[in-house]
Amino acid sequence: MSSPAARKSPAAQKVPAARKGSAAGKGTAAGGGPAARRGPAARLAARAAGGGMRVFLVLVGLFWLMPAVGLLLSSLRSPSDISESGWWEVFASPAQLTVENYSALLANDTITGSLVSTVLITVPATVLVVVIGSLAGYAFAWLDFPGRDWWFLVVVGLLVVPVQVALVPVSKLFGTIGIFETTLGVVLFHTAFGLPFAIFLLRNFFAEIPRELLEAARLDGAGEIRLFTRVVMPLGGPAIASLGIFQFLWVWNDMLVALIFADSESPPITVALQQQVRQFGNNIDVLAPGAFVSMVIPLAVFFAFQRQFVSGVMAGAVK
């Protein structure tokens with residue numbers, strides 16, 4: 001004897017399946033599916049991941065680099081061509097390009113001497129800030145000494161002190177001790193005003209190092225100096241590289257401090273180019289390539305340490 005389910009006809013058995021399919025279709029139509037449920041922001045983000053946004057970003061990058069490209073092309077044109085037309089005329093007349101301006105630049109003792117002076121100021125000021133800032137950042141992060149938190153608040157407060165406030169009193173001080181208008185005076189000024197930011201940045205970065213790692217190194221017999229050089233410095237490499245890049249760019253591109261404290265006989269490149277502007281009509285063949293060289297060197301330093309810089313920025317963002 002067959003059961004009721006077995007006695008159902010094939011047509012009757014197809015009815016529930018059809019109803020289920022109809023219900024599923026209605027649910028899909030009502031819900032709209034995954035694609036329909038995404039909001040405008042999600043759809044915009046999906047489109048941004050496509051080629052349209054990439055093309056837009058490339059165009060923005062080219063537009064941002066246009067002044068640098070114009071300066072480069074101007075430095076490769078003769079003074080007569082520069083005075084007659086804009087740098088974009090090079091694309092119509094490539095024969096205008098020449099390297100004579102750079103030959104004149106190398107023959108200009110003022111510009112070449114200023115590049116040497118800039119290096120002698122920038123490198124020591126960067127190294128001193130990185131070294132002293134690293135030591136002070138480690139001390140504020142992991143060493144216990146009286147008034148540590150109050151001293152750190154003083155360092156943070158120094159971040160808001162503008163450079164202009166210290167120009168007159170520091171000038172008098174440097175004049176009294178005999179280092180006014182010297183390379184040493186410029187280096188000390190940049191080091192003093194670069195340390196608050198360096199200590200603040202590195203202290204916050206070093207404080208995120210796991211305490212267990214430092215305690216394990218101490219149990220292995222590592223002293224503070226060895227702990228700093230073998231553990232803290234390698235872990236803080238990205239932050240230190242970022243600080244070095246920032247400090248190098250600030251000092252290299254500085255003009256105010258160099259104009260006041262540097263030796264007038266061997267000024268940095270920014271001051272030397274400013275002096276050339278006074279004779280713009282006669283020295284354009286030196287001014288254009290000099291400005292381009294002054295811009296290219298910081299860019300080369302940035303791209304040389306780009307990976308460390310990005311790692312430092314991302315690490316700081318995550319922490």
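Biologist: How do the residues lining the largest pocket divide into nonpolar, polar and charged?

Modeller: In this predicted model, the lining of the largest pocket comprises 11 nonpolar residues, three polar and one charged.

Biologist: What volume does the largest pocket have, and which residues lie nearest its centre?

Modeller: The volume is about 340 Å³. Of the 15 lining residues, Val163, Phe193, Gly194, Gln247 and Trp250 lie nearest the centre.

Biologist: Which helix gives the most to that lining?

Modeller: Helix α11 gives the most, with six residues. Both α11 (183-206) and α14 (237-252) supply at least two residues each.

Biologist: Turning to α8, what distance does it reach from its first C-alpha to its last?

Modeller: Helix α8 covers residues 109-142, 34 residues in total, and reaches 50 Å, close to the 50 Å expected at 1.5 Å a residue.

Biologist: And what is found at the start of α8?

Modeller: There, a side-chain oxygen of asparagine 108 comes to within 2.9 Å of the backbone nitrogen of threonine 110.

Biologist: Now serine 75. Where is it found, and is it buried or exposed?

Modeller: Serine 75 belongs to helix α5 (residues 51-75). Its relative accessible area is 0%, so serine 75 counts as buried, the cut-off being under 20%.

Biologist: With which side chain does the side chain of serine 75 make a polar contact?

Modeller: The partner is the side chain of tyrosine 102, at 2.8 Å.

Biologist: What else is serine 75 in contact with, leaving aside neighbours within four places in sequence?

Modeller: Besides Tyr102, serine 75 is in contact with Thr98, Asn101, Ala288 and Pro289.

Conventions:
Residues are numbered from 1 along each chain as its sequence is written. This is a predicted model: local features need pLDDT of at least 70, side-chain atom pairs count only at pLDDT 80 or more; totals for chains, interfaces and linings use all residues. Side-chain values use heavy atoms; hydrogens and water are left out. On a 1 Å grid over the protein atoms alone, a cavity is a set of points where a 1.4 Å probe fits but cannot get out, and a pocket is an open set with protein on both sides within 12 Å along at least five of seven lines; lining residues have an atom within 4 Å of a point. Grid points are joined across faces, edges and corners, and a volume is the space filled by probe spheres set on the points. Helices (H or I, at least four residues) and strands (E, at least two) are DSSP runs, numbered from the N terminus. Ala, Val, Leu, Ile, Met, Phe, Trp, Tyr, Cys and Pro count as nonpolar, Asp, Glu, Lys and Arg as charged, and the others, Gly among them, as polar. The expected span of a helix is 1.5 Å times one less than its number of residues. A polar contact is a pair of N or O atoms within 3.5 Å; within protein, one must be able to donate a hydrogen and the other to accept it, and residues adjacent in sequence count only if both atoms are side-chain atoms. Buried means under 20% relative accessible area, exposed over 50%, partly exposed in between (1.4 Å probe, protein chains only). Contact means heavy atoms within 4.5 Å.
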